[in-house]
Amino acid sequence: MSDEIVKNIKHFIDSGLLIYSVFLMSSYIVLGMISVHTLKSYIKKNKNVKYTDLLPSFLAPSVSLIAPAYNEGLTIVENIRSLISLHYSNFEVIIINDGSKDDTLDKALNAYKMVSVDLNINEELKTKKIKNIYKSTLPAFKNLILIDKENGGKADALNAGINIASSKYVACIDVDCILEQDSILKLVKPFLDDKKRVIATGGVIRIVNSCEIKNGGITKISVPKSWIASMQVLEYLRAFLLGRMAWGKIDGLLLISGAFGMFDKEIVKLAGGYNTKTVGEDMELVVRMRRYMVDNKIPYTVKFIPDPLCWTEAPEDTNILGRQRNRWTRGTIETLWQHRIMFLNPKFGIVGLLSFPYWFFFELLAPIIEVLGIIWLVTSMILGLINWTFFLYISVFVYAFVILISMMAIYAEEITYYQYKSLNDIFKLVICAFLEPFLFHPFVIYSAIKGHIDYFQGKKSWGDMTRKGLKSVNT
Amino acid sequence: MYSYTSKYALLNISINQFLVIAILSCLIMAFFLIIFVIISRKRKIYLEKKVYRIQDQVQILLSEIIFEEELNAENQLLEYQILNSSFKSEIFKSEIVRLHKSLQGELSLKLEDYFKSKKMHINSLKKIKSPKKYKAIAGLEELLEMNIDTAIYDIHKILEKTNDIELTNYLICTIIKLNPSFGINLLLNLNIELNDWLQISILKILEELKFSDIPDCQKWMKKGESFAIFGCRLSSYTKNTADIPVLIELLNTKEENLKIEIIKALGIMEAEEANEILINKYLGESTKVKEEILKTLELFKKSVNLKFFIRCSIKDTHETQLLALRAINSLLNSNSIDLNTIDYNLKYLHALNSSNKFSNVG
């Protein structure tokens, strides 16, 4: 009798795990296929677009580039220079010194001959106290503004920037990212050619580790030397080219990367600006903006373009990587919980019926289910319930499937912008695909589980995210 | 028991077989994807080298075509070889088009004549009739760049047949560039949505061609909001003062986006006769419209507006207050205001200040 009960429980759990896996894998395949198809269409469509037509046009919308800076003394001068030199005719750069403890402020003020100005601020979004506002006296940097404020975190700094911004659109970026020269042109175009009101656009974020940088621009792109960073390259390719591309196509995107995204300032303000109480402020803002538009019955869309626009440094240290993934998990939980009313709510269309459930079941719960699956596996082994043949086959199948998805991501990269010119780089990514399930994935799962635990323990901080800094090649 | 076991055993085997098939499928697909990537990469490298070699040859040929009266024997042979290879002739054509973009005057005309004399435009005309949209667009680019105005008839025919919005936009831009007068009038008769990107493209073409013989503003207003907005932008572009009374009359429109464009156009055209009307309209308008009114009044630089700006800087939303303060600053820094007026308005400001609290005034 008890054998019967155990067998039934086993059958129930096995079936549950199997159904979950089938749905998860099917979603990856479907998203992957939608993405590849959309990528091919986009590449063809984009070939003939003359972005530079926008440069001299009086219709070019104004854009404010907002970049919070905290302890960026090593690279702030170069970072500002690279932002100022972007190809666009009608933009301002707003740097927010968010209570840095190093010489970030002094370096910026000296390098750009900045002086204190009396600028009237619209404090529609509440922020920590602003100590001073500076503008450059150099004609070449007349569109540069620097806000010095009390430390309040990234979201608070972004809100301060939005308050000051005088443009129609705001591009929120990480100050140490490298932007492609035409990134503003490419990100602003969807705002101009869609029938519906576009409230946010985002592009692909790439990893800059081991790339050669000269004068604020990337001169040679390579897969990072470090294996941790290389695996993140593959991970980002999957996430952006196979994931977000598909969600963007069906207008179900919940997240525009905090490293670089452009937003309709009016809607950002009406939605209340960035939430300073969450560590996933980028996702939370997009979800809240979507909610605002639906609640006010305004037709809208969020766009995603596959152009590699922004290059960022990936953590190569496991501690920092762990903290990053921990924060991402906590941010996801906070956002999904805060906006739980959208879950399976037809009022929110694709976002409520597809995106939200997907994020809940397959982004948030996946690490937990995976760990529970491992616990169940060990339990089954102890109780002698394992069908070893079946277990071997299913494990190999999952491994083969994961490799397939990674190869799809490499294929997607090849048919779009094939940034990694060397075949050696491709081979390195292929090796990463084979090793990742054993070396990288378990660490990511561990960090995600820790994120869950920290969330329920009430942890709110970002943690120290020290970066090495992007250094130019000396010639 | 036996039948259950064998049935279960049978099922078990088939699941395992299914998994084996699934594993093999995944691995084979992954393998093929990587092989595709490797082959694609090698092909790109090979093609790149091949294209560079051909481009080098083509550069020599093009130099002689542009700067010499006749080709020498060697280059005549080269020309013959290139034109008789579809791959090489496509590269040759794209090099001609690329070079044409950076040439002006006689040299560009010479290149255009050469393009036509070698009947390359016929190939471009064939391309635009292709059912593949992006091939058609590539053909349009070639015809456009090489000023093949004889293609207008074919392009117009395609425009009448197509329902594709993207292709329509390219077709209309091509026609406008080849024959702006015909193109603009044709545009007026279309039932399409003029998104901002298309408007920017058209305006750029008109600016490059220095073409300003645009149908008057009223005609654009009859076609729907996007056309009306474009009409305002065209007025801004041409600065046709005859449009001002029409625009002023249209300020009564209920469409906010259109109203904003009208106000912007009045500002760019320095339509000072609209000054009083804009001030009178101000109170009943939304914040966005008020902001545009203030920006436009700032452009007029009229000293009589100072009192109005002062009132707005105190009694309105943050955004409009800031714009009003900016307008005051701009007016005080210009030479269009005398000391007496400043003195009078300072007293007015003081009187208002005693009865109101300022916020965020720098």
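The paragraphs below lead through a predicted model, beginning with chain B, moving to the sheet of chain A, and ending with individual residues and aromatic rings.

Chain B contains 19 helices and zero strands, and 48% of its 362 residues count as buried.

As a general background, nonpolar side chains in soluble globular proteins tend to be buried together. In this model the largest nonpolar core has 211 residues, and the members with the most contacts inside it are A:Leu65, A:Ile95, A:Phe260, A:Phe263, B:Phe92 and B:Leu187. Helix H1 of chain B, residues 2–67, supplies the largest share of this core, with 15 residues. Another core, of 39 residues, lies apart from it and includes B:Ala265, B:Ile279, B:Leu297 and B:Ala324. Returning to B:Leu187, and leaving aside neighbours within four places in sequence, one finds this residue in contact with B:Ile172, B:Ile176, B:Ile192, B:Leu194, B:Ile202, B:Trp220, B:Phe227 and B:Phe230.

Chain A holds an open sheet of 10 strands with mixed pairing, in the order S3-S4-S5-S2-S1-S6-S11-S8-S12-S7. Its edge strands are S3 (114–116) and S7 (178–179), each of which pairs on one side only. Strand S4 (residues 130–136) of chain A runs antiparallel to strand S5 (residues 144–149) of chain A, and five bridges join the two; within this pairing, A:Tyr134 has A:Leu146 in S5(A) as its bridge partner. Helix H2 of chain A, residues 76–84, packs on the sheet, where it touches S1 (63–69), S2 (91–98), S5, S6 (169–173) and S7 of chain A, and its direction makes about 160 degrees with that of S2(A). Helix H3 of chain A, residues 104–111, lies across S1, S2, S3, S4 and S5 of chain A and runs at about 155 degrees to S5(A).

Four bridges join S6(A) to S1(A), with the two strands running parallel, and here A:Val63 stands opposite A:Tyr169. S6(A) is also joined by five bridges to strand S11 (residues 260–264) of chain A, this time in an antiparallel arrangement, with A:Ala171 opposite A:Met262. Five of the five residues of S6(A) are buried, so the strand is largely enclosed by the rest of the structure. In a regular strand the side chains alternate between the two faces of the sheet. Accordingly, one may look at each face of S6(A) in turn: A:Tyr169, A:Ala171 and A:Ile173 lie on one side, A:Val170 and A:Cys172 lie on the other, and all are buried.

Two lysines of chain B draw attention through their backbone angles. Most residues other than glycine have a negative phi. B:Lys239, by contrast, has a positive phi, near 55 degrees, and is found in the loop between helix H12 (225–238) and helix H13 (244–249) of chain B. B:Lys239 counts as partly exposed because its relative accessibility is 49%. The phi of B:Lys301 is also positive and near 55 degrees, and B:Lys301 lies in the loop between helix H16 (287–300) and helix H17 (306–314) of chain B. With a relative accessible area of 39%, B:Lys301 is likewise partly exposed.

The aromatic residues complete the picture, and over all chains the structure holds 27 aromatic pairs. In one of them, the rings of A:Phe343 and A:Phe361 have centres 6.0 Å apart and planes at 55 degrees, so the pair is tilted. This pair links distant parts of the chain, with A:Phe343 in the loop between helix H9 (318–338) and helix H10 (349–364) of chain A and A:Phe361, 18 residues apart from it, in helix H10 of chain A. Both A:Phe343, at 29% relative accessibility, and A:Phe361, at 34%, count as partly exposed. A:Tyr411 and B:Phe36 form an edge-to-face pair, at 5.1 Å centre to centre and with 65 degrees between the planes. The pair crosses between chains, from helix H12 (residues 388–415) of chain A to helix H1 of chain B; A:Tyr411 is buried, at 12% relative accessible area, whereas B:Phe36 is partly exposed, at 38%.

Key. Residues are numbered from 1 along each chain as its sequence is written. Chains are lettered from A and ligands numbered from 1 in the order in which they are written. This is a predicted model: local features need pLDDT of at least 70, side-chain atom pairs count only at pLDDT 80 or more; totals for chains, interfaces and linings use all residues. Side-chain values use heavy atoms; hydrogens and water are left out. Buried means under 20% relative accessible area, exposed over 50%, partly exposed in between (1.4 Å probe, protein chains only). A nonpolar core is a set of buried Ala, Val, Leu, Ile, Met, Phe, Trp, Tyr and Cys residues joined through side-chain atoms within 4.5 Å. Contact means heavy atoms within 4.5 Å. Two strands pair if DSSP finds at least two bridges between them. Axes are lines fitted to C-alpha atoms, for helices over the stretch in contact, and angles run from 0 to 180 degrees between N-to-C directions. Rings of Phe, Tyr and Trp (its six-membered ring) pair if their centres lie within 6.5 Å; planes under 30 degrees apart count as stacked, over 60 as edge-to-face and the rest as tilted.
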